[in-house]
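This briefing goes through selected features of the structure shown below.

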Amino acid sequence: MLDAEMEVAVRRVWDIAATVTDPEIPVLTIEDLGVLRRVDVCGTAVTVTLTPTYSGCPAMDTMSVDVRRALATAGYNDVTVTLALAPAWTTDWISEQGKIKLNEYGIAPPTGHSARGTAGPVSLLLSVKCPRCSSLNTRELSRFGSTSCKALHECRECLEPFDYFKVL
Amino acid sequence: MSTTTGTPPAAGDTTAATLTSDEHGNIELGKLTLAAEVIGQGTVAPPAVAEYALWLGDDALVLAQNLGWWISRAPELEEDIAIGNIALDLIGHARSFLSYAGSASGRTEDEMAYFRGEEEYRSAQLFEQANGDFAHTIARNFIAGCFQHALYERLQGSHDETLAAIAAKSIKEVDYHVDHATQWVLRLAGGTAKSRRRLIVGFADVWPYVDELFRDEPLNDELAGVAVRQSTLRPAFDTRVAAVFAEAELEVPVGFTATGGGRVGKHHETLGPLLAEMQVLARQFPGAAW
Ligand SMILES: [Zn+2]
């Protein structure tokens with residue numbers, strides 16, 4: 001096949017895989033999350049590489065199955081889904097579009113950037129904006145929330161609790 | 001964990017094409033095959049590396065199983081959730097280490113977790129210590145987290161790419177675990193007379209198991225540059241503990257030192273019952289999925 005044809009073939013697979021959403025945050029696709037890392041096409045064989053968000057994230061199995069199902073529906077039968085641990089996933093990989101979708105969904109997107117190797121996550125906390133009323137007058141209730149990736153915050157303006165996607 | 005079927009394209013195959021996502025979520029097209037960044041599956045651990053992966057995987061798994069007992073019993077709902085999430089992270093680390101350890105002998109992560117006997121486990125006895133009351137759990141978790149943090153910090157530089165990748169992934173989560181334990185050490189130490197007394201008792205009870213964590217084993221000589229020599233982690237551990245203890249106005253406990261032996265299969269009496277509960281379902285219904 002010509003290079004251009006291969007690129008089209010790969011792009012087609014990528015676009016199908018990119019429709020798969022996070023089962024726990026259904027507004028986000030695995031592309032928005034930065035979980036979809038790579039697509040390889042070799043003849044009729046397709047390999048899709050995902051990276052886990054958190055090591056123990058139970059949604060990874062579902063996402064792998066969903067990628068396979070989406071591709072099977074589109075006629076790809078020789079599909080391999082691999083999980084890559086390195087480089088380690090970071091919230092910096094969530095796309096701008098993804099952050100907007102998170103906020104609209106009611107989850108405050110991560111503030112600031114991952115800074116491993118310098119000060120750790122704790123000393124870098126910036127103000128978290130309430131996804132309902134946009135107030136910055138919020139506080140952390142618990143650093144661990146309803147799933148591995150979230151912390152629980154509360155807004156002191158509208159008094160509602162909300163999830164915050166914490167920096168990793 | 002594994003969802004692999006078939007085989008990835010061979011390196012250099014001219015009919016292969018690739019699409020990757022770069023660090024900013026942009027997309028880049030290129031004619032690449034599997035790059036060095038793809039680590040995780042299909043790598044077979046050399047026997048000595050597999051043994052070392054077993055140490056770290058068993059530490060994480062045993063602690064996760066211990067923490068599971070707190071679910072629905074923590075002092076408040078937020079703690080239930082925090083401890084559950086920490087346990088989940090640790091299970092993730094254990095899955096990576098045990099999958100890698102099992103690759104040397106063709107065993108799956110489940111076979112490693114459910115079908116090894118007590119004497120085949122390689123966890124250090126600190127991780128096997130019972131939850132006790134909440135203060136005991138915090139004391140044990142604090143020590144475990146400080147040790148794992150110091151270890152993973154260095155293991156990221158291992159010559160073994162898989163170990164380095166697991167360490168780089170895990171340390172980001174252990175950051176949060178250490179933070180959680182530290183906040184509670186400060187809160188309990190500075191809380192009521194009762195909370196402070198219980199925390200001091202907790203540290204006194206688990207401290208005998210600290211030394212074992214930093215003991216070098218013959219395996220360390222075989223794995224220079226691959227494994228981290230435990231004894232060299234002690235200064236980083238002591239520095240972190242000293243800083244938190246100073247703020248909490250606690251003193252490092254003095255007392256006996258346990259003989260240890262977890263790395264050669266000699267375990268604390270708590271491990272047997274823990275494994276029995278963890279393994280019973282898989283053994284009673286082999287191949288069961290849930
Ligand atoms: Zn608000």
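Which pattern does chain A follow, read along the sequence? In this predicted model, the order of elements in chain A is α-α-β-β-α-β-α-β-β-β-β.

**Chain A: overall**

- The secondary structure of chain A consists of four helices and seven strands.
- The C-alpha trace of chain A extends over about 60 × 30 × 30 Å along its principal axes.
- Of the 168 residues in chain A, 56% are buried.

- Distant parts of the chain are linked by the pair A:Cys133 and A:Cys155, which are 22 residues apart. A:Cys133 belongs to the loop between strand S4 (107-108) and strand S5 (138-142), while A:Cys155 belongs to strand S6 (residues 150-155).
- A:Cys133 has a relative accessible area of 35% and is therefore partly exposed, whereas A:Cys155 is buried because its relative accessibility is 1%.

**Chain A: loop residues**

- A:Leu159 is located in the loop between S6 and strand S7 (161-165) of chain A. With a relative accessibility of 64%, A:Leu159 counts as exposed.
- The peptide bond between A:Ala86 and A:Pro87 is cis, with omega at about -5 degrees. A:Pro87 is part of the loop between strand S3 (79-83) and helix H4 (96-105) of chain A.

- H2(B) is mostly covered, as 19 of its 27 residues are buried.
- B:Asn66 is placed in helix H1 (residues 47-68) of chain B and counts as buried, at 2% relative accessibility.
- Although B:Asn66 and B:Met278 are 212 residues apart in sequence, their C-alpha atoms are 9.9 Å apart in space.

**Chain B: surface patch**

- A nonpolar patch on the surface is formed by B:Val280, B:Leu281 and B:Phe285, which together have about 270 Å² of accessible area.
- Among these residues, B:Val280 lies in helix H11 (residues 271-284) of chain B. B:Val280 is partly exposed, at 43% relative accessibility.

**Chain B: positive phi values**

- B:Ser72, a residue other than glycine, has a positive phi near 80 degrees. B:Ser72 sits in the loop between H1 and H2 of chain B and is exposed, with a relative accessible area of 59%.
- B:Glu249, a residue other than glycine, has a positive phi near 55 degrees. B:Glu249 sits in the loop between helix H10 (234-248) and H11 of chain B and counts as exposed, at 63% relative accessibility.

Definitions and conventions: Residues are numbered from 1 along each chain as its sequence is written. Chains are lettered from A and ligands numbered from 1 in the order in which they are written. This is a predicted model: local features need pLDDT of at least 70, side-chain atom pairs count only at pLDDT 80 or more; totals for chains, interfaces and linings use all residues. Side-chain values use heavy atoms; hydrogens and water are left out. Helices (H or I, at least four residues) and strands (E, at least two) are DSSP runs, numbered from the N terminus. Buried means under 20% relative accessible area, exposed over 50%, partly exposed in between (1.4 Å probe, protein chains only). Patches are made of residues with over 30% relative accessible area and no salt bridge: like charges are joined within 9 Å, nonpolar side chains (Val, Leu, Ile, Met, Phe, Trp, Tyr) within 5 Å. Accessible areas come from the Shrake-Rupley method with a 1.4 Å probe; for residues, only the protein chains shown count as cover. A salt bridge is a side-chain nitrogen of Lys or Arg within 4 Å of a carboxyl oxygen of Asp or Glu.
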